[in-house]
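Hello,

I am passing along the structure we talked about, and my notes on its helices follow below. Please have a look whenever you find a moment.

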Amino acid sequence: PGRLTLTVVTPERSVVERAACDAVSLPGEAGELGILPGHTPLVALLGVGRVVFADGGRKTAVAVRGGFAEVAGDAVRVLADVAAEKETIDVAEASEARNAGDVRRLAVVGQEQLDAVNDDIAFAEAKIAVAEGR
């Protein structure tokens, strides 16, 4: 079987450039998507979570929030609204954001505000997981 090539970009910068890998896991808006070589072409909306890519036994992750992913041939392209790789994450800041989200959750009015706060918390948790190597 072939290999995948993963690219992750945001409007501001390139986060992962053409990384060769065996598998990619993406946080789709409707749930987790697993991509292996030979996957059917796909365009999907991204939710909040981690893009995890495996190269042999080594796994690397990037936290993402929003955007979309495209699978064409063995190329996986992620165009994320926001992304954070391990080297750029401040765990204390992410923990503070998660705790602030928990407090804000108590005062929300309506589903739209609740969804926004839940996304803030999920992104903070994804950044913590990436920073901790999970």
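The cover over the buried residues of α1 includes α2. Keep in mind that this is a predicted model.

Which residues of α1 are buried? They are A94, S95 and G101. Viewed down the axis of α1, the buried residues lie within an arc of 120 degrees, so they line one face of the helix. On the face turned away from that buried side, α1 carries the exposed residues A92, E93, E96 and V103.

The length of α1 agrees with expectation: at 1.5 Å a residue, its 15 residues should span 21 Å, and the end C-alpha atoms are 21 Å apart. At the start of this helix, D90 places a side-chain oxygen within 3.0 Å of the backbone nitrogen of A92.

Now to α2, which runs over residues 111-131 and has 21 residues. From the first C-alpha to the last, α2 reaches 30 Å, close to the 30 Å expected at 1.5 Å a residue. Its buried residues are V117, I121, F123, A124, A126, K127, I128, A129, V130 and A131; note that the lysine K127 is among them.

What do the buried residues of α2 pack against? Their partners are the strands β6 (48-55), β7 (58-72) and β8 (75-85), along with the helix α1 (91-105). After α2 comes G133, which has a positive phi, near 80 degrees.

Happy to talk any of this over once you have the model open.

Best wishes

Terms used:
Residues numbered from 1 in each chain as written. Predicted model: local features only at pLDDT ≥ 70, side-chain atom pairs only at ≥ 80, totals over all residues. Heavy atoms only, no water. Helix = DSSP H or I, 4+ residues; strand = E, 2+ residues; numbered from the N terminus. Expected span 1.5 Å × (residues − 1). Buried < 20%, exposed > 50% of the residue type's maximum accessible area, 1.4 Å probe, protein only. Contact = heavy atoms within 4.5 Å. Arc of directions from axis to C-beta. Polar contact = N/O pair within 3.5 Å; in protein donor to acceptor, adjacent residues only side chain to side chain.
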